[in-house]
Each structure stands twice: as C-alpha cells, then as structure tokens.
Amino acid sequence: MKGMERMEKYQGLSSKQAQKLLVQYGENRLKAHKKTGALGIFAGQFRDALILILLAATALSLLMGDVAEAATIVAIVFLNALLGFLQEYRTEKTLEKLGELSAPAALVVRDGAVQRIDAREVVPGDILQVKAGDRVPADAEVLESAGLQCDESMLSGESAGVEKQAGEGNASKVYMGTLVTRGKGICRVTGTGQDTEMGGIAGMLGEIESQQTPLQKRLAQLSKFIGIGCLLVCAVVAATGILRGEPVMDMLLTGISLSVAAVPEGLPAIVTIALALSVGRMVKRNALVRRLYAVETLGCATVICSDKTGTLTENKMTVTRVRTYANHYEVSGTGYQCEGEITCGGQRVKTGSDRALERLFEIAVTCNNAALSRKRGGRFGKESMEVFGEPTETALLVLAAKAGVTRENSGYTVEKEIPFDSTRKMMTVLARAENGDRFLMIKGAPDLLLQRCTGVLTPGGVQPLTPRLRSGLLEYNNQFAADALRVLGFCYRPAAAGDLYEGDMVFAGLAGLIDPPRKEAYDAVLNCRRARIKPVMITGDHAVTARAIAKELSIFQEGDRVVTGRELDDMTGEQLERLLPKISVFARVTPAHKLRIVRAFKARGEVVAMTGDGVNDAPAVKEADIGVSMGVTGTDVTKEAASVILMDDNFATLVYAVEEGRVIYQNIRKFIRYLLSCNIGEVFTMFFSMLAGMPVPLIPIQILLVNLVTDGLPAVALGLEPAEKDVMNRPPRGSGESVFSHGLAGTILTRGLLIGLTTIAVFVSLLHSSGSLETARTGALLTLVCTQLIHVFECKSETRGLFSINPLDNLALVGAVIVSAAAMYFALYNPFLAKAFFTVPLTGRQLLTVFSYSLAVPAVSGILLAFKRTARRPHAGKSANRFPRKAEELSE
C-alpha cells in the first residue's frame, strides 16, 4: 500500500496542539503505584504487635533502672527492623531494574513531518506507524494495514496472533503494550496512559485492599497471648506478695520484672532472620520474594490458579503433527530450538521419502515472513535460536529446519506477496526457483485451500483431487482440530511471471500446531496434587484447547468440568462456589472473571495462589492470598501486584516455593515452641520460688545471661532445619489454624513446667548440700541453660522424641549449641565473667547433679510424647477432603 510508504500524506497534530493535549491528558504512562521511601519502609517494620510489646518492655526496664535489659531489647528490635528493611528495599530496587513495559519511542506525524518521539509524549489524535517488532505505545484505531498482526496474549491470554485492518470492531484497534508480530500499519491514537485497556486493568488494582498473610495473623494472635500472659503474671505475683505482707511497690516492680522476662524478645528478630534466610535460598532458585511474610503464605496454599499462556505452556507455537496424502508424521521437540526429529511409524524420515512432505517444507519457509537464526552465547557457548516474527510462522521455520530445510537452501526467491488477512484466511506468494521456474505457494485454512485445489501430491505424482480424497483430507483436519491443534494447509502450482491466480492448486499437506506445555509443568502439577493443592487453569483461550492442555498436564481429570466465561456470567455466586470443587479449567475468561474466580475460592475458605504474567492477570494476582508473577515475560503491572516473582518463569520454581513456605512455617513453630517453653520455664522458676518463700534462684543479670545464651543462636539455627521427608505429602493447614494447634500449647506449657521444676530442684538440692546461695544460684543457672540446650534438639520434631531424631542433620544447630555451651563455661570458670555474673565454679559432684536432672527432663518428655502419640488420631487438614486427589495418585 502506497500510503504505508508515505506517512507524510497525513497532516497529524501540530506541535502546539500536541503540547496542549499533553497538558490535558498527561504523559502516556501508567499511573505508578505510590512508592514508599526508604524511611517509610523502615518505619513500617515497627507496626508489628509483638514489637510494640517489646518496646513497652523496654520502657518498663528503664523505669526499674535495668539499662542493660533495655539496651538488649532495643538492639534486638533494631536488628529485626533492619533485616526486614534491607529485604524489602533490595526487592524494590530489583523490581525497578526489571525494565519498563511501555514502548521507549514512537514514530508519529507532527506538523506534517514524520518524527520519532519519546512514547511518553504520545497524545490522543497522534498519527503513528507501527511495524513488526514494535511494541504499541498507546491504544489506537487502524487507518491502514499491510498484513498487520499483533500478539495480544498479555491482554487476552490467547497465544494466537490477532489480524488488524481498517474498519470497525476489535480487529481495527491496537492496544498499548501489545507486540506487533507481522506487517505494519498506520494508526490514530485514541487513548493514552490510564485511558487505555492496559490502564483500565491497572486501575482495578487500586480497588483491591492488601490483606495480612496467615503468618502475620498467627503472630498477632501470639502477641495477644503473650501480652495477656505478661499482665496475668504481673498481677498474680504482685497480689501474692501483697497478701503475704510484702511492700506494695516492691511487689509491683517484681511482677513487672517477671513479665518483662516472660517476653521472648528474640522472637521477632528470629522470625525475620528465618524468613530472610528462606528468601535467600529462594533467590538462588529464581524466586524473588517482595515481602518476607509472603514466603510462609505459599506453604498454606490450597488452590493455585494459573494462567495457561506462558505459565503452563511455553508461549511458543510448535508443529507436532504433519499429514500428507500418503503418510502421517509425528514431530518431536518443542519451542524454537531445532533439536527434534520427524518420524513416520516410529522411524525417522529419510530425505526424498515423500515428495509431498518436502514440498510442504518448501512452502513453509518460502510463504513466510518470520526469521530464524542460530547464535552462540552464554558461559559455555551453547547454541540457541534467535527468532523474529509471528509465532505460527516461526514454528513452521523450526519444523522445516528439523528436516534440514531453510529459506537459504530452499532455492526460492519471493517476487510477489498477498499478505494473510482474516477474511481470506490465507497467505500467497509467487516465488522463483534457482532454475527459473515459478510457483504460486499458499498456506492457510485447510477447508478454504481445499476448495481451491484440483489436485493432490502423492508418491506417484500429482493426482486429481476427487470428492472422496477431499473428504478424507478434511477428516484429518477435523481430527487435528479435535486434539486442540491449530491446523494449516499447504498448496502450490506452477505459475508464470505475475500470475497470482489462487485456483487450480495442488494440495501438499497439513500441519498441526499447539502452544506446548512446559516440560516441568507436569511434575509440578503432580507435586501439587500430592500436597493436596488443587491446580486450576484460567485462560482466555478456547475451551477445547484449554481442556487438551489441562488434560495433558493432569490438571483436568475424569469427572472435572471446563467452564467458559459465558457460562460463568450465567452463574450466581452460590452456584459458582458449589461447583468449584468440580471445575479445573476456566476458558474464555476476562480479567473481571479472574477476579470473581479468586474471590469465590477465598469465600470457600481457600488460601489462593494466582500465577500470571500478562496485564490481564494483575487484578487477580493482587486479590489472591499470594500473587505470583513471571519475571521474564511478566509485565510491570503484574510484578507490582505480585508478592513473589519467578525470575525464570518456571512453574516448577513455584512448587519449590510452596515447599519452602511449608518448611519455614514448620521451623517457625519449632522455635516458637523452643522460645516459649524456655521463657515459661524461667518465669515458673522465679514464680514458684516466690510462692514458696524461697530465696530468688536467679538475679536479673543471670536471667539476662540465660536469654543471651539460649534465645539467640540456637533459635536461629532451628530456622535452618531441613525439610521433613513428607512435607509435600501433607494436606495444607487451614487458614484459620492457630500457631498453637495440634497440641503445641500443651507441649509448650508442659515442657516449660518441667524446665522450671528441674531448675528449682537443683537449686534446692545445692542450697542444702553446699549451704551457699551463690553455688545454688550457679547450679540453677547452669541447669536452666542445659535443659534449654537439650530441649532445642527435642524441638526438631513434633512427633518424635530426643532419642529417635538425627541430631547431626542440622550442623548449624550443633554449632550454635556448642557456642552457647562454651559461653556458659566461660561465665562459670573465667574469673572476670564469673564476677560479672555472680557465679562460682562447681565441683564434679555438683555438675553431676546438674546434668542428671537436666537429662531426666527429655526422658519424662519422651514418655509423655509416647502417650500423646498413642492417643492422637492422624490429622487431616481442613482442606484435605475438599479437593480429593485421584486414587491412582494417592497410591503412588
């Protein structure tokens, strides 16, 4: 089209008009989410309820003149805030470097001349040109088109390119952020920035409120428990002392001191450190976590709603089957790598075995505007393919390359071309061979091509295309389509110079294409089912295609349902919620549908993870309990909405993240059990001795020493515990499940009581045998530390006792215990430290008393655990029966 060569024929806007419109509509960019500065991110770390309790404890410590305790708590709170700040700040900076979605420049007509301007300066009314390889800078209507085609998968979820031409309807519009895959066009801008389709979807994100993660809710519950416990301790101790005639003020200060001692000041920092370490492990596995607490949320996901295109599939069209008159061929290999082979009946095809197949390859590379080139790169110089053009045409080049046929060695030169369009549904070229012969070659919709054919190429040459043969070829076409393949036909005929008559053609064959599933996606889906997580495909693609991909990946199974967007519109909320357990695929859905689906699952009490890469996924990604974006193909809008970004776009990385989430929660329960048991033991020791009228077993500096030695490194090391073997074979825990569920509260109280009783027993024993209060206090101090360092190994498992676990599978924990034990040794036997902590060296007999009592505790705990295990029934998670797995999977 001549108009395509001369944009100057359009006057366009004047510079003055453009400037006025720029002021009126603003820059052509999506409204950025409100950025939180470094100071705001740091201040946000102090909003946690447990942190507020610690700050209150700091104030009380200062009130009593205990500066050392106050300084310690302040240091721990600051460390916790610093770790959380560094993680979130680094993640925000990483996101900024992931690149912008908008086109960097645009070719427009201003003042009657063609100009290249910054895409941010494009305004409504601008005349712009787009061509293959360009990213459309704004929404626009098509004025002229020369084979213009766009990839709109980021908006629609459909992998097939969309033909564009002047006229009315969707086919006459191009959209901001979409990619031009073929041809070129001249368009008039109709919307910029937030007034575009992409802007409308991004605007939906502002309507979705952020919610607390399950872990944040559980820690808030724990903070409430600790806060009430501290007040009760303070009140009971003060009241007991006053009733015994002790001075009121002394008893109030004593009660406050004990309540401060009861606060596990290391817990927030240890939770943050454990999460940060987990984030570090996930980054090495290509999962970037934007918020620390999002790690654990993945672990309790019960449903994963995944977009199809580019997430479960490669977003690379691939030819998998070819049919000629004589033979049926299978094509191996997926994506744009040319590894793979073409087989017939299990045997690799030999050159020259089927002239129709060779002719099909020649048409595929000649009647084609895509480009394919080999390049070497990377650390080991590995060869890869660089592609340019529309995905379907690229797939045809790859098909021919697997047989050794390329555009360069085919020997044909294109002289004329009639581009593909949605009306004709075919593309035609007139090509000249090296010997001077000319051929008209066509590829397109098989049913339309067969109407133009009078012959078919067979092993014996060209034969007349009888009605029976035509019907047989159409049946092959229908079989391919039933298997969700996109089918193309290929035909040709000898031609003269300038001859573009599209009739009397010779049919060469059919090719079936599909956007193939990712290789690793099948195993990932299977792992989800083993973990009692329901995988759901949500896509804008056709129901037949979606069902075929879902069935291949084991997402769709016998008895499941596929629901389309139109069917969804006809359902009430109650009907949808009732059918959800049977639905595994949603097809032909819009962004609004995706939001509704996620909300429906959440209304059933599910913890929903939503993966996606396109702009159309962003609202549902943000609405989900855990939003997951693709890092390579994901749009900026979706990355901003997500909590986790998969940097390699690998679905299997998500499964690893789910496992990591389960492990981190499992470890958080372990060190909550450890810290609270130890603190309750300390409080009980002090509380019981006061009630019995005994001397105080530990002075404040010794309590501080216990906390420093036992609450730090061992608890952090518990956060490094490896995953238990069956962690991905358990059902997800319920979203409302308490952090103290499954008897953890009773275990903590019982173990704390045993620690306290053991410490008091040693204190009384040494006090009577030695007659020295300092010796008794030293013995009580060592007993308290020893019982806690032994208990840390018990916390490795909730179902097995100390003598049935492997203590060496976490060397960090062994090292932490050794360091803590060494610190206690120096506190007793180093003269300077002994003086500071008011300790004295113990004799061998006294040490034997300490160690005997300390080892008696795990023995008693083991007996209690055996009784508990006998009485307890196997636990089934809240959602375990909601979406039951298939019998064959359960038997694996």
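Mentor: Burial first. A residue counts as buried under 20% relative accessible area and as exposed over 50%, with partly exposed in between. Keep in mind that this is a predicted model. Now take Lys796. Its relative accessibility is 5%, so Lys796 counts as buried. Glu721 is also at 5% relative accessibility and counts as buried. These two side chains meet in a salt bridge, 2.9 Å from N to O. The pair ties together parts that are 75 residues apart in sequence, because Lys796 sits in the loop between helix 29 (773–794) and helix 30 (811–829), while Glu721 sits in the loop between helix 27 (713–718) and helix 28 (744–770).

Lys796 has another partner. Asp809 forms a salt bridge with Lys796, and their closest N and O atoms are 2.6 Å apart. Here both residues lie in the loop between helix 29 and helix 30, so the pair links parts that are 13 residues apart in sequence. Asp809 has 38% relative accessibility and counts as partly exposed.

For a reference pair, look at Arg120 and Asp118. Their side chains meet at 3.0 Å, N to O. Arg120 is partly exposed, with a relative accessible area of 37%. Asp118 is partly exposed too, at 26%.

Eight strands run in the order 8-28-27-26-9-23-25-24, and the pairing is mixed. Strand 8 (287–289) and strand 24 (561–564) are the edges, each pairing on one side only. From one strand to the next, the twist averages 20°. Inside the sheet, strand 9 (residues 303–307) and strand 23 (residues 534–538) run parallel and are joined by five bridges. Ile304 stands opposite Pro535 in strand 23. Helix 22 (residues 591–603) lies across strand 9, strand 23, strand 25 (583–587) and strand 26 (608–612). This helix runs at about 160° to strand 26.

Note on methods. Residues numbered from 1 in each chain as written. Predicted model: local features only at pLDDT ≥ 70, side-chain atom pairs only at ≥ 80, totals over all residues. Heavy atoms only, no water. Salt bridge = Lys/Arg side-chain N within 4 Å of Asp/Glu carboxyl O. Buried < 20%, exposed > 50% of the residue type's maximum accessible area, 1.4 Å probe, protein only. Helix = DSSP H or I, 4+ residues; strand = E, 2+ residues; numbered from the N terminus. Pairing = 2+ DSSP bridges. Axes fitted to C-alpha atoms, helices over the stretch in contact; angles between N-to-C directions. Contact = heavy atoms within 4.5 Å.
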